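Please read this report with the model open beside it, and look up each residue as it is named. The headings mark the topics in turn.

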Amino acid sequence: MGRGKIEIKRIENSTNRQVTYSKRKNGILKKAREITVLCDADVSLVIFSSTGKMNEYCSSPLIKQLDRYQKASGNKLWDAKHEYLSAEVDRVKKENDNMQIELRHLKGEDLTPLNPRELIPIEAALEDGLVGVKATIKEHRRALKKKTRMLEEENKRLIAKLQQVEIHGRGEMDTGANNGYNNQKAADGTRDYPSHNDNHHQVPFAFQMQPIQSNLTTATTTTNNNKYQLLD
């Protein structure tokens, strides 16, 4: 039993309309791809849904197909301004392609088809570039050496300053230790005397001796500014 014929008119139910659009859209996109492959044809398909969503299929760039359509049909799609912009885009693309070719030549690629006359400018450009690179490297090295010298001088200055700080701190520690020692001695009621080798200071000291015999008299003897006192 075959399907009944569907009347072609707007589907009023929004849900059914959306389902039908989705199915038929996929079907027509599939057919466009098939005819492109089977028949080697250029196909451009653009679909806008009722919500404004776009679906497209182009077997080749759309702008090229539109240009072909304009020339074949005689319908003018672009005004003078758009034609100028299109020509400008083509010019920029051509320049970009030429620059890409020159860049490959400078990298040493695709040089086989070139004749000696075409190779001479490439060689000159490479030599000029090499000179510029060497000059830049030399300048960087000079700047690096200068910076290295500055860092070495700064390092020496910091080392000298650190040594001064250490010497000053050591002196303060020695002074504080001496002061603490003297304060401790003063608290204990004792004094420090110079050694006996110091000829500039003679410290007096006395001995008290009790005589064994009663007829000994008191005698005082002074030698080298040192007093010895004998008491009966």
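## Serine 60 and its surroundings

The side chains of serine 60 and glutamine 65 are joined by a polar contact of 2.8 Å, where a polar contact is a pair of N or O atoms within 3.5 Å; within protein, one must be able to donate a hydrogen and the other to accept it, and residues adjacent in sequence count only if both atoms are side-chain atoms. This is a predicted model, in which local features need pLDDT of at least 70 and side-chain atom pairs count only at pLDDT 80 or more, while totals for chains, interfaces and linings use all residues. Residues are numbered from 1 along each chain as its sequence is written, and side-chain values use heavy atoms, with hydrogens and water left out.

Serine 60 lies in the loop between strand 2 (54-58) and helix 2 (62-73); helices (H or I, at least four residues) and strands (E, at least two) are DSSP runs, numbered from the N terminus. Not counting residues up to four places away in sequence, serine 60 touches Asp42 and Gln65, a contact meaning heavy atoms within 4.5 Å. Serine 60 and serine 44 are 16 residues apart along the chain, and their C-alpha atoms are separated by 7.8 Å.

## The elements as a whole

The protein has 4 helices and 5 strands, and from the N terminus on they run α-β-β-α-α-α-β-β-β. Of its 232 residues, 7% count as buried, which means under 20% relative accessible area, with exposed over 50% and partly exposed in between (1.4 Å probe, protein chains only). Among the contacts with a separation of 6 or more, 11% come from residues 24 or more positions apart.

Helix 1 has 26 residues and reaches 37 Å from its first C-alpha to its last, close to the 38 Å expected at 1.5 Å a residue; the expected span is 1.5 Å times one less than the number of residues. At the start of helix 1, a side-chain oxygen of asparagine 13 reaches to within 3.0 Å of the backbone nitrogen of threonine 15. Lys25, Leu29, Ala32 and Thr36 are buried in this helix, and what covers its buried residues includes strand 1 and strand 2.

Which residues form the largest nonpolar core? The 6 residues are Leu29, Ala32, Val43, Leu45, Ile47 and Tyr57, a nonpolar core being a set of buried Ala, Val, Leu, Ile, Met, Phe, Trp, Tyr and Cys residues joined through side-chain atoms within 4.5 Å. Helix 1 (14-39) and strand 1 (44-48) are the elements that give two or more residues to this core. Valine 43 touches Ala32, Ile35, Thr36, Tyr57, Cys58, Ser59 and Gln65, not counting residues up to four places away in sequence.

Aspartate 40 follows helix 1 and lies in the loop between helix 1 and strand 1. Its phi is positive, about 55°, although aspartate 40 is not a glycine, and the residue is exposed, with a relative accessible area of 73%. Aspartate 110 also has a positive phi of about 55°; this residue is found in the loop between helix 3 (80-106) and helix 4 (116-188), and is partly exposed, with a relative accessible area of 46%.
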